[in-house]
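Q: Please take a close look at the aromatic rings in this protein. What do they pair with, and what surrounds them? Keep the terms simple.

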Amino acid sequence: MKTFIIVNPSAYRGKVRKRWPEMSQQIKRRFPEASIRFTEYKNHDTEIARSAIKKGFHKILIVGGNGTINEVINGAFERGECLEDNLRFGIFPFEENRYLCQKLQVPQDFNEALYAMEQNKVRCSPVTMVQYTTMNDEQMRRYFINIACF
């Protein structure tokens, strides 16, 4: 299964950027064939995810916060349809996303979570879609897992 890693270095007020050198060594050891891309601007994670999925990547590992996770999930959909039926997302645990990780039963230890991703240990989570109208009368769709906030 082709693996793609999306890294938001700004997540958690720059904690990801500070921890990336250590994290990347462990990730590259377990996923040496993975492609890695860093986000550079708002909603870039959605674009990166959509492009990776269209190129045949089926496992997307997310190194970032709840916003990054949400944007990557939204990148898996286009015109109301999921781009790929057999997608797997991996979420790395951080103090700030503890609630989401607990709900999805992601191990709280980084190395244990990484091992679970490597072993393809899967927990299914429903994806919910909300359709709404912006203040500019634009019709929008957003997808989310577990909880929603705007």
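A: Start with a charge and a ring. The charged end of Lys2 sits over the ring of Phe57, 4.4 Å from its centre. A charge counts as over a ring if NZ of Lys or CZ of Arg is within 6 Å of the ring centre and within 35 degrees of the ring normal.

This is a predicted model, where local features need pLDDT of at least 70, side-chain atom pairs count only at pLDDT 80 or more, and totals for chains, interfaces and linings use all residues. Residues are numbered from 1 along each chain as its sequence is written, and side-chain values use heavy atoms, with hydrogens and water left out.

Now the ring pairs. Rings of Phe, Tyr and Trp (its six-membered ring) pair if their centres lie within 6.5 Å; planes under 30 degrees apart are stacked, over 60 edge-to-face, and the rest tilted. This rule gives 4 aromatic pairs. One of them is edge-to-face, because the ring centres of Trp20 and Phe38 are 5.5 Å apart and their planes stand at 85°. Trp20 is in helix α1 (residues 11-30) and Phe38 in strand β2 (residues 35-38), 18 residues apart. Helices (H or I, at least four residues) and strands (E, at least two) are DSSP runs, numbered from the N terminus.

How well covered are these two? Buried means under 20% relative accessible area, exposed over 50%, and partly exposed in between (1.4 Å probe, protein chains only). Trp20 has 12% relative accessibility, so Trp20 is buried. Phe38 has 34%, so Phe38 is partly exposed.

Next, Phe77 and Tyr143. Their ring centres are 4.0 Å apart and their planes lie at 10°, so this pair is stacked. Phe77 belongs to strand β4 (residues 77-78) and Tyr143 to strand β8 (residues 139-145), so the pair ties together parts 66 residues apart in sequence. Both Phe77 and Tyr143 are buried.

Back to helix α1, by way of the core. A nonpolar core is a set of buried Ala, Val, Leu, Ile, Met, Phe, Trp, Tyr and Cys residues joined through side-chain atoms within 4.5 Å. The largest one has 40 residues; Ile27, Ile60, Val63 and Phe92 touch the most other members. Helix α1 gives the largest share, 6 residues. Leaving aside neighbours within four places in sequence, Ile27 is in contact (heavy atoms within 4.5 Å) with residues including Trp20, Phe92 and Phe110.
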